[in-house]
Amino acid sequence: MKLYHWWVSSASYRVRIGFAIKGIDVEKIPIDITNRKQWEDSYITVNPQSMVPTLEVDGKRILQSAAILDYLEDIKPDPSFYPDDPLARARVRAIAQICACEIGPRLSNRVRFFAESNFSDPDAIGWHDHFASQGFGALEAYVAEGNSDNHFCHGNRPSLADIFIIPQLMAARRRGHDLSAYPNLLRIEGNCLEHPAFKEAAPENQPDRPEGVTMAAIKRPG
Ligand SMILES: N[C@@H](CCC(=O)N[C@@H](CS)C(=O)NCC(=O)O)C(=O)O
């Protein structure tokens, strides 16, 4: 299996956490989205969306981080990304979807670059903070429901919810969004960052991080 990824891409980070939790090895191929390598013909043939991540398995390609994580769950159900109880499973999926469907796309680089090319000062309208506050405010409230004793978003082992929240918090922090209003999310983040799978998957621990580049040096998170 080959994973096309970029060290600081939040969607790639989700999938790397998934691989690490499952304990599945994968060959990682960096696609430097900071330098627009995702738009080169050689990568468009891999991923017609020109996005990372992409997983290649036996010459077939899976686009979209959520689909890749589903595939990992299918090929290696244990340890599962989900709790056992159906209601809990739905809750975990809902948390992941708030990140994947609501927060992530509205704050993505692609949207941002389009806004910057078409409007004189997109930052002036406070667009990033507006949608980040809406999204993380909702997550904070939803995660807090019945969760104060939990180590992770749901229960005491990481689930799909944590896999999506941690990279989203990283992306928001690097864009300067103040996260202090979300104590439950920060508590869970602290716990996740101590977990070996999250450490292995962290952007700063990727061997293909360009030399000398720190997370703080990249102004635009993925
Ligand atoms: N919904 C997609 C989102 C993927 C995505 O937004 N990837 C970003 C990096 S985090 C990307 O490739 N950006 C390059 C671009 O938009 O041109 C997924 O979950 O895989």
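**View 1. Helix α7, a mostly covered helix**. Of the 15 residues of α7, 13 are buried, a residue being buried when 20 or more other C-beta atoms, placed from the backbone, lie within 10 Å of its own. The model is predicted, so local features need pLDDT of at least 70 and side-chain atom pairs count only at pLDDT 80 or more, whereas totals for chains, interfaces and linings use all residues. Residues are numbered from 1 along each chain as its sequence is written. Gly176, with a positive phi near 85°, follows α7.

**View 2. The crossing of helices α6 and α8**. The axes of α6 (residues 127-144) and α8 (residues 183-193), which are lines fitted to C-alpha atoms over the stretch in contact, come within 8 Å and cross at roughly 75°. That makes α6 roughly perpendicular to α8, a term for angles of 65 to 115 degrees between N-to-C directions. On α6 the contact is made by Phe136, Leu139, Glu140, Val143 and Ala144, and on α8 by Asn184, Leu185 and Ile188, where contact requires C-beta atoms within 7 Å. By class, these comprise six nonpolar, one polar and one charged residues.

**View 3. The protein that holds these helices**. Nine helices and four strands make up the secondary structure, as DSSP runs of H or I with at least four residues and of E with at least two. Over the 222 residues of the protein, 36% count as buried.

Conventions: Buried ≥ 20, exposed ≤ 12 C-beta atoms within 10 Å, placed from the backbone. Axes fitted to C-alpha atoms, helices over the stretch in contact; angles between N-to-C directions. Parallel < 35°, antiparallel > 145°, perpendicular 65-115°, else oblique. Contact = placed C-beta atoms within 7 Å. Nonpolar A, V, L, I, M, F, W, Y, C, P; charged D, E, K, R; others polar.
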